[in-house]
Amino acid sequence: MAAIKAVHVSDIPKLDHIPDSTTASTLYSTFFSSFTGNNSRTNKFHVIGHRGSGMNMLQSPDSRMKSIKENSIMSFNAASKFPIDFVEFDVQVTSDGCPVIFHDNFIVTRENGSIYEKRVTELTLAELLCYGPQRDVEKLGKPLLRKIKDGRIFNWNVEQDDSICTLQEAFQNVNTSLGFNIELKFDDHVVYQEEELTCVLQAILQVVAKYANERPIIFSTFQPDAAELINKLQNTYAVYFLTNGGCEVYSDVRRNSLEEAMKLCLRNGFQGIVSEVKGIFKNPGMVTKIKEANLSLLSYGQLNNVAEAVYMQHIMGVDGVIVDLVQEITEAVFNAQNSGAGNDNEKTNTIKSMKEEEVVQH
């Protein structure tokens, strides 16, 4: 544990790489309360699978980031083999009203030697399902490529491929013990009218109402208006607001800080916040304020694949982490939970150190 005690808030954002392995012994064993999908409290630190058993980073040399097709039935069920509480995935609605699970705003494909981009929400379900692997093995799907933020385009090649799936299929074919963290996906560059948002959300809610049964559900979204609407349209499931925590700047001030995220949650009666982990490390004092406001706090980001970053969040009071390296992180959390490592004095001293560094940084 000695090496971990030397890790401070100012150091964590420098850990931009995913390590080759996660050291289980580095995690702290104190676990904190968190909201679950049915608004009850449990004394458990939550580990959530990102897009199932992990997102695909096609540009990465790390084979773990290209193991199983993200946001697929195969990925969700692979994640369910480990002691996680939820899988997180992205839901959009096709032009003919079907909720589908797909992260990117655009389908990227190759036709007659040229690259084309087609917006997911402008395709019908039948058109969308033509891309990538097909359920019918005798059929050949259209090429499915991926364009990353820097503009590079990759063939979407993974070790274990699977077809695009609908939200209904996920409910019907994924282990029923696994909770769903449904991210309501909207394009940051599109201005949505309330009527359009309502139509999309109602299509998703119809599927949830019909197929969720007793499965725990969390709704989350970066879109503030969509968060407000989903909270008004239903009162069964928890609503979490997604934020970069100030790591990026948007024209909508509600998206620009943990402070604004907390205000939005309190104003609308949301249950919690999901923040980019670097936003939490840059402003650790907000964790206490968020907890005192009786809100749950989860985090996402590549740093959640680093044991030291998960350790820091444990002692800060974060309620759970969304991770790509599901096996490694769940093993680390399990071993830490049963190791008896750490004590209240260590927690107090570490948080005190964090607060002192926060003052220096500002």
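Tutor: Buried means under 20% relative accessible area, with a 1.4 Å probe and protein chains only. This is a predicted model, so local features need pLDDT of at least 70 and side-chain atom pairs need 80 or more, while totals for chains, interfaces and linings use all residues. Residues are numbered from 1 along each chain as its sequence is written, and side-chain values use heavy atoms, leaving out hydrogens and water.

Aromatic pairs come next. Rings of Phe, Tyr and Trp (its six-membered ring) pair if their centres lie within 6.5 Å, and planes over 60 degrees apart make the pair edge-to-face. The count here is seven aromatic pairs. Take Phe186 and Tyr192: their ring centres are 5.1 Å apart and their planes stand at 75°, so they are edge-to-face. Phe186 and Tyr192 are both buried. Back to Phe219 and Tyr237: with centres 6.0 Å apart and planes at 80°, this pair is edge-to-face too. Phe219 is in strand 12 (residues 217–221), and Tyr237 is in the loop between helix 6 (224–233) and strand 13 (238–243), so the pair ties together parts 18 residues apart in sequence. Helices (H or I, at least four residues) and strands (E, at least two) are DSSP runs, numbered from the N terminus.

Which residues does Ile204 contact, beyond its neighbours within four places in sequence? They are Val91, Val93, Pro99, Leu167, Leu184 and Phe219. Contact means heavy atoms within 4.5 Å. Ile204 belongs to helix 5. Its relative accessibility is 0%, so Ile204 counts as buried. Look at one partner, Val93. In sequence, Ile204 and Val93 are 111 residues apart. In space, their C-alpha atoms are 7.7 Å apart.

On a 1 Å grid over the protein atoms alone, a pocket is an open set of points with protein on both sides within 12 Å along at least five of seven lines, and lining residues have an atom within 4 Å of a point. A volume is the space filled by probe spheres set on points joined across faces, edges and corners. The second largest pocket holds about 320 Å³ of space. It is lined by 17 residues, and those closest to its centre are Val93, Thr121, Tyr192, Glu196 and Val200. So Tyr192, the ring partner of Phe186, is in this lining too. Strand 4 (86–93) and helix 5 (194–211) each supply at least two lining residues. Helix 5 gives the most, with four residues.

Now return to the rings. Ring pairs join Phe76, Phe89, Phe171 and Phe180 into a cluster. Phe180 has a charge above its ring: the charged end of Arg215 sits over it, 4.1 Å from the centre. A charge sits over a ring if NZ of Lys or CZ of Arg is within 6 Å of the ring centre and within 35 degrees of the ring normal. Elsewhere, Arg255 lies over the face of Tyr250, 3.9 Å from the ring centre.

The chain has twelve helices and 16 strands. Of its 362 residues, 56% are buried. Among contacts with a separation of 6 or more, 69% join residues 24 or more positions apart.

How values were computed
Buried means under 20% relative accessible area, exposed over 50%, partly exposed in between (1.4 Å probe, protein chains only). Rings of Phe, Tyr and Trp (its six-membered ring) pair if their centres lie within 6.5 Å; planes under 30 degrees apart count as stacked, over 60 as edge-to-face and the rest as tilted. On a 1 Å grid over the protein atoms alone, a cavity is a set of points where a 1.4 Å probe fits but cannot get out, and a pocket is an open set with protein on both sides within 12 Å along at least five of seven lines; lining residues have an atom within 4 Å of a point.
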